[in-house]
Amino acid sequence: MVHRFSEHARRGAGALRRAVASAREDLDAAIERDPATSSRVEMALASPGLHALWVHRASHAMWGAGLRLPARLLSQAARSATGVEIHPGASIGRRFFVDHGMGVVIGETAEIGDDVMLYHGVTLGGRSLDPTIKRHPTLGDGVTVGAGAKILGDIAVGHGAQVGANAVVTKDVPSMAVATGIPASVRRPEPGSDPQQALYDDPAIWI
């Protein structure tokens with residue numbers, strides 16, 4: 001009995017350490033992307049995007065454990081508090097950040113890689129009502145999605161791609177490409193250029 005208790009205690013302590021490390025990583029990633037904030041304390045207390053993410057981590061674990069109704073209720077409570085709606089079934093990688101929060105919607109079968117950043121008003125939505133298929137997009141690592149953009153359906157946005165503000169994307173976007181407009185058109189940076197510079201070269205990214 002004592003051995004079993006000790007084993008549970010060790011597992012609990014390990015899980016707590018991992019959660020704290022993950023929260024610190026989220027905070028540091030958010031500070032790096034938000035020039036208006038310079039401290040972990042301020043970011044932890046005043047970032048609705050981070051609050052929504054942290055609640056999602058819990059609701060996603062509940063969803064995976066079969067506690068689907070409690071998971072949905074928790075996600076809806078986070079939606080009311082933050083303005084960010086993330087379905088508990090969505091899969092989100094490390095160092096994810098939503099700047100400003102408000103109006104973001106992430107659907108049930110969305111998959112998001114590491115180091116992804118969304119601005120306010122972004123929708124990762126579906127184009128089918130069939131619950132047996134993947135209905136929402138997949139975003140690779142390092143993707144940035146501008147304010148108000150809509151990425152719809154079971155499509156892929158490749159690693160390092162940039163989606164411009166208010167773009168409507170319904171087809172795959174290759175890695176390191178830039179997608180802007182309605183419907184979105186895709187262009188690739190010139191060979192040897194810095195893909196991040198595309199954020200400044202194309203004004204449509206910010207419109």
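In what follows, contact means heavy atoms within 4.5 Å. With that convention, among contacts in the chain between residues at least 6 apart in sequence, 33% join residues at least 24 apart.

Good morning. The structure under discussion is a predicted model, in which local features need pLDDT of at least 70, side-chain atom pairs count only at pLDDT 80 or more, and totals for chains, interfaces and linings use all residues. Residues are numbered from 1 along each chain as its sequence is written, and side-chain values use heavy atoms, with hydrogens and water left out.

I begin with the overall composition. The chain holds five helices and 15 strands; these are DSSP runs, helices being H or I of at least four residues and strands E of at least two, numbered from the N terminus. Of the 207 residues in the chain, 40% are buried. Here buried means under 20% relative accessible area, exposed means over 50%, and partly exposed lies in between, with a 1.4 Å probe and protein chains only.

I turn next to the core. A nonpolar core is a set of buried Ala, Val, Leu, Ile, Met, Phe, Trp, Tyr and Cys residues joined through side-chain atoms within 4.5 Å. Which residues of the largest nonpolar core touch the most other members? They are F96, I106, L118, L139, V145 and I151, in a core of 36 residues. Two or more residues each come from α1 (2-33), α3 (48-64), β1 (84-86), β3 (97-98), β4 (104-106) and β6 (117-118). The largest share, three residues, is that of α3. As general background, nonpolar side chains in soluble globular proteins tend to be buried together. For I106, once neighbours within four places in sequence are set aside, the contacts are E85, I86, H87, A90, F96, I112, L118 and L124.

The helix α3 also packs against another helix. Two packed helices are described by the angle between their axes and the distance between the axes. The axes of α3 and α4 (residues 68-82) come within 8 Å and cross at roughly 175°. Axes are lines fitted to C-alpha atoms, for helices over the stretch in contact, and angles run from 0 to 180 degrees between N-to-C directions. The two helices α3 and α4 are therefore roughly antiparallel to each other, a label given to angles over 145 degrees, whereas those under 35 count as roughly parallel, 65 to 115 as roughly perpendicular and the rest as oblique.

On the α3 side, P48, H51, A52, V55, A58, S59, M62 and W63 take part, and they meet R68, P70, A71, R72, L74, S75, A78 and T82 of α4. The residues of this contact divide into 10 nonpolar, four polar and two charged. In that count, Ala, Val, Leu, Ile, Met, Phe, Trp, Tyr, Cys and Pro are nonpolar, Asp, Glu, Lys and Arg are charged, and the others, Gly among them, are polar.

Is S59 buried or exposed? S59 is buried, with a relative accessible area of 0%. Its side chain reaches the backbone oxygen of H56 at 3.2 Å. Beyond residues up to four places away in sequence, S59 touches A71, L74, S75 and P88.

Now to the strands. T144 lies in β9 (residues 144-145) and, at 15% relative accessibility, counts as buried. The side chain of T144 makes a polar contact with the side chain of Q162 at 3.4 Å. A polar contact is a pair of N or O atoms within 3.5 Å; within protein, one must be able to donate a hydrogen and the other to accept it, and residues adjacent in sequence count only if both atoms are side-chain atoms. Leaving aside neighbours within four places in sequence, T144 is in contact with M117, Y119, A161, Q162 and V163. V163 belongs to β12 (residues 162-163) and is buried, at a relative accessible area of 2%.

I close with the backbone. Most residues other than glycine have a negative phi, and most peptide bonds are trans. Where does the chain depart from this? The peptide bond from I182 to P183 is cis, with omega near -15°, and P183 sits in the loop between β14 (178-180) and β15 (185-187). H100, which is not a glycine, has a positive phi of about 70°; H100 is placed in the loop between β3 and β4 and is exposed, with a relative accessible area of 53%. M176, also not a glycine, has a positive phi of about 65°. M176 lies in the loop between β13 (168-169) and β14 and is partly exposed, at 38% relative accessible area.
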